[in-house]
Amino acid sequence: MKRKIFISALAIALIAVLSLGATVAYFQAKTEDTVNTFKFGNVDGEISEPTWIPENATNLAPGKTLPKDPKITLAADSLDAYVFIKVTVSDAAILKTVTTGKTDAELITKLAGTIDSGWTLMNTPAIDTAKDEIVYIYGYNTILTKTAPGNVTTDLFTAITVPGEITEENITATGATLADGFTVTVKGYLIQSDNITAADGKTVLQTAYTNIDFS
Amino acid sequence: MKKKILAVALAVAMLAIVGYNTIAYFTSTDDAVNTITAGKLEIAVNEYKDGVKTAAGEDGVTLKFTDVKPGDICPKVAKVESLTGSIDAWIRVKVTMAWDKADLLTDNTVVTLTTADGWTLNTDGYYYYSTKVSTASETEFLKEVKFNAETMGNAYQGAVLTVTVKAEAVQFANNGATVDAAKGWPNA
């Protein structure tokens, strides 16, 4: 038994010496690992409308005005961003009827009044007859930064008015019904402002706009 | 009897003459001592931020980039230093990358490493430097790391990429005409 152990020990010794011999055949060196980390940021924010009171938005008579002030606030840990608000208005056919002489792009003013000058209309609004709705997308002209006061936009608009022209007669004339009222949906979109450069013939804001999927 | 003694004495005297002969030449010995010192091979990876050499922190991380976003070009300059007294060497560098989230890509559609001139990425995953590196020199390897805005998306938000650079060297002398022919790399 003793001899067997000795033989295997010898074999190990031989292997050890042989492999050691091979690795030191040439002078060689290696470094320690050099480690870098690249932490990616987030783009984050929220849309709010502090003055909007949902309970008040029922049983509205034509001509009634309700405060509604959509704006976007950038989160404290967000990267700087361009921001957009998409406004979707339902029952577009009725809106069109009561706003004789206005283009599709101007229909929004019948509901929301003047759009704040800090915002730019990005798309070409047109009534989607299949969905009976119209979409307006506004881009904020200034990059939002995470530190106040640059972290929040101006109000896109300040109130929604039920057009005085929305009378029973006019509704009937459109062939549509307005039993459930109409809806104005606002949704915010944000995109990093760094590394976006103006594409051919477009502003940087327009280029940023084309990089967002608003569907 | 007396004669015999004389003969012996003479013989002894003769022997003495022989003995004298042996010291007729002045002799001297002198050892020619040669000390053969084996050369050493020592390299290091140095990193620079805004031109300033940066040491690793306690967590072993040399450079930390934060709030990185698609389209960013991070100035990550890495150089391989051949330390003073080191012999001539061939060098190669391996870069490994890992995200802290699953399903994110590290290939060059997403992350592009801009290397200095003279480096070639081989199929074994190492970048090889084509010429000899001499003692007390720095060889620039990496210039910047680029993140491709076209291929990244929201999946990369908040993710952390760890990039590890490791350099290896092998003696230049008597070891191939080109870096591709060099043998004896560590870990090979």
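This is a predicted model: local features need pLDDT of at least 70, side-chain atom pairs count only at pLDDT 80 or more; totals for chains, interfaces and linings use all residues.
**View 1. Chain B and its elements.**
Chain B holds one helix and 11 strands. Read from the N terminus, the order is α-β-β-β-β-β-β-β-β-β-β-β. Of its 188 residues, 34% count as buried. Take the contacts in chain B between residues at least 6 apart in sequence: 78% of them join residues at least 24 apart.

**View 2**
The size of an interface is often given as the accessible area lost when the parts come together. Here chain B and chain A bury about 3400 Å² between them. Carbon and sulfur atoms account for 53% of that area. In chain B, the residues that lose the most area to chain A are Asp67(B), Lys69(B) and Gln157(B). Together they make up 16% of what that side buries. Chain B brings 51 residues to the contact, and chain A brings 23 residues.

**View 2. Polar contacts and salt bridges across the interface.**
Between chain B and chain A, 27 residue pairs are in polar contact, both residues at pLDDT 80 or more. The side of chain B that touches chain A has 27 nonpolar, 14 polar and 10 charged residues. Three salt bridges also link the two chains. One of them joins the side chains of Lys146(A) and Asp67(B), at 3.0 Å from N to O. Strands S1 (43-49), S3 (61-68), S10 (137-147) and S11 (160-171) of chain B each supply at least two residues of the side that touches chain A. S11(B) gives the largest share, 12 residues.

**View 3. Strand S11(B) and its pairings.**
Which strand of chain A pairs with S11(B)? Strand S2 (residues 34-40) of chain A does, in the antiparallel sense and over six bridges. In this pairing Val35(A) stands opposite Thr164(B). Within chain B, S11(B) also pairs with strand S6 (residues 89-99). These two strands run antiparallel and are joined by 11 bridges. Here Thr96(B) stands opposite Thr164(B).

**View 4. Arg92(B) between two strands.**
S6(B) also runs antiparallel to strand S9 (residues 126-129) of chain B, with three bridges between them. Arg92(B) stands opposite Tyr128(B) of S9(B). The side chain of Arg92(B) meets that of Glu168(B) in a salt bridge, 2.7 Å from N to O. Arg92(B) lies in S6 and Glu168(B) in S11, so the pair ties together parts that are 76 residues apart in sequence. Are these two residues buried or exposed? Arg92(B) is buried, because its relative accessible area is 4%, under the 20% limit. Glu168(B) is buried too, at 2%.

**View 5. Further salt bridges.**
Side chains of opposite charge can pair when their charged atoms come close. Over all chains, the count comes to 15 salt bridges. Among them, Lys143(B) pairs with Glu140(B), the closest N and O atoms being 3.5 Å apart. Both are partly exposed: Lys143(B) has a relative accessible area of 37%, and Glu140(B) has 28%. Salt bridges that share partners join Asp69(A), Lys71(A) and Asp155(A) into one network. In another pair, Asp104(A) and Lys96(A) have their closest N and O atoms 2.8 Å apart. Asp104(A) is buried, at 18% relative accessible area. Lys96(A) is partly exposed, at 34%.

Most residues other than glycine have a negative phi, and most peptide bonds are trans. What form does the peptide bond from Ala148(A) to Pro149(A) take? That bond is cis, with omega near 0°. Pro149(A) sits in the loop between strand S8 (133-140) and strand S9 (159-161) of chain A. Asn195(A), not a glycine, has a positive phi of about 65°. This residue lies in the loop between strand S10 (184-192) and helix H5 (204-210) of chain A. Asn195(A) is partly exposed, with a relative accessible area of 37%. In chain B, Asp50(B) has a positive phi near 50°. Asp50(B) belongs to the loop between S1 and strand S2 (52-54). Asp50(B) is exposed, at 70% relative accessible area.

**View 6. The loop that holds Ala102(B).**
Ala102(B) lies in the loop between S6 and strand S7 (111-115) of chain B. Ala102(B) counts as exposed, because its relative accessibility is 63%, over the 50% limit. Ala102(B) and Ala159(B) are 57 residues apart along the chain, and their C-alpha atoms are separated by 9.9 Å.

Notes. Residues are numbered from 1 along each chain as its sequence is written. Chains are lettered from A and ligands numbered from 1 in the order in which they are written. Side-chain values use heavy atoms; hydrogens and water are left out. Contact means heavy atoms within 4.5 Å. Buried area is the accessible area (1.4 Å probe) that two parts lose on being put together, summed over both. A salt bridge is a side-chain nitrogen of Lys or Arg within 4 Å of a carboxyl oxygen of Asp or Glu. A polar contact is a pair of N or O atoms within 3.5 Å; within protein, one must be able to donate a hydrogen and the other to accept it, and residues adjacent in sequence count only if both atoms are side-chain atoms. Helices (H or I, at least four residues) and strands (E, at least two) are DSSP runs, numbered from the N terminus. Ala, Val, Leu, Ile, Met, Phe, Trp, Tyr, Cys and Pro count as nonpolar, Asp, Glu, Lys and Arg as charged, and the others, Gly among them, as polar. Two strands pair if DSSP finds at least two bridges between them. Buried means under 20% relative accessible area, exposed over 50%, partly exposed in between (1.4 Å probe, protein chains only).
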